[in-house]
Amino acid sequence: KSANPQWREQFDFRYFSDRKDMLDIEVWRKDNKKHEELLGTCQVDIAALPMKQTNCLELPLEKHPGSLLMLIVVTPCTGVSISDLCVCPLGDPSERQQISQRYCIKNSFRDIKDIGFLQVKVLKAVDLLAADFAGKSDPFCVLELGNDSLQTHTVYKNLNPEWNKVFTFPIKDIHDVLEVTVFDEDGDKPPDFLGKVAIPLLSV
């Protein structure tokens with residue numbers, strides 16, 4: 001019951017320059033559990049924002065009265081990355097040597113929080129469940145480790161998708177579990193669950 005709500009909530013998104021650069025925002029009004037009404041939308045061009053500083057933005061809502069006040073900070077993404085299989089981050093022997101030095105015994109206490117990283121190559125899935133009426137699925141794969149979540153692109157109309165992506169996560173807790181979930185993209189609806197596997201880091 002407010003025309004001037006204050007949320008004061010913070011959200012962290014993993015942003016990669018090879019993806020679309022627009023942040024889409026929607027403001028909704030909820031009367032009760034069933035009735036919802038869109039109060040307006042706005043967009044932020046992330047690529048146009050200066051790096052490493054707090055950007056205070058007052059964004060007018062498109063086709064509706066009102067505006068949205070936001071603080072956005074764009075900082076370099078450390079530790080987490082996505083790349084194609086052909087440019088695997090650990091494929092370079094010199095980079096492997098640097099990593100071996102970084103985590104050698106004499107450097108163990110240089111950075112207590114930097115205990116290592118996990119690199120996962122997501123190659124393909126085989127014989128997935130058909131989620132569509134046409135006997136096909138539109139699968140994509142989500143990887144979660146701790147609070148980090150990354151996903152592949154969607155391969156449309158395929159029960160044997162090939163993603164060939166490399167995901168790199170910083171490890172913050174050796175007791176974490178890597179959860180790999182395959183979903184079927186379903187347009188504007190929530191994706192359908194196609195399967196999941198959990199891999200404790202201690203088993204690797």
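The legends below describe close-up views of salt bridges and aromatic pairs in a predicted model. Residues are numbered from 1 along each chain as its sequence is written, and side-chain values use heavy atoms, without hydrogens and water. Local features need pLDDT of at least 70, side-chain atom pairs count only at pLDDT 80 or more, and totals for chains, interfaces and linings use all residues.

**View 1. Arginine 29 and glutamate 37 form a salt bridge.** A salt bridge here is a side-chain nitrogen of Lys or Arg within 4 Å of a carboxyl oxygen of Asp or Glu. The whole structure holds four of them. In this one, the closest N and O atoms are 2.4 Å apart. Arginine 29 is partly exposed, at 32% relative accessibility. Glutamate 37 is partly exposed too, at 34%. Buried means under 20% relative accessible area, exposed over 50%, and partly exposed in between (1.4 Å probe, protein chains only).

**View 2. Glutamate 36 pairs with lysine 30 in a salt bridge.** Their closest N and O atoms lie 3.8 Å apart. Glutamate 36 is partly exposed, with a relative accessible area of 43%. Lysine 30 is exposed, at 58%.

**View 3. Aspartate 148 and lysine 172 form a salt bridge.** The closest N and O atoms are 3.6 Å apart. Aspartate 148 sits in strand E8 (residues 148-151), and lysine 172 in the loop between strand E9 (162-170) and strand E10 (177-186), so the pair ties together parts 24 residues apart in sequence. Helices (H or I, at least four residues) and strands (E, at least two) are DSSP runs, numbered from the N terminus. Aspartate 148 is buried, at 3% relative accessibility. Lysine 172 is exposed, at 58%.

**View 4. Tyrosine 103 and phenylalanine 117 form a tilted aromatic pair.** Rings of Phe, Tyr and Trp (its six-membered ring) pair if their centres lie within 6.5 Å; planes under 30 degrees apart count as stacked, over 60 as edge-to-face and the rest as tilted. The count comes to three aromatic pairs. Here the ring centres are 6.2 Å apart and the planes meet at 50 degrees, so the pair is tilted. Tyrosine 103 lies in the loop between helix H1 (93-102) and strand E6 (117-124), while phenylalanine 117 is in strand E6, 14 residues apart.

View 5. Phenylalanine 183 belongs to strand E10 and phenylalanine 193 to strand E11 (residues 189-200), ten residues apart. Phe140, Phe183 and Phe193 form one aromatic cluster.
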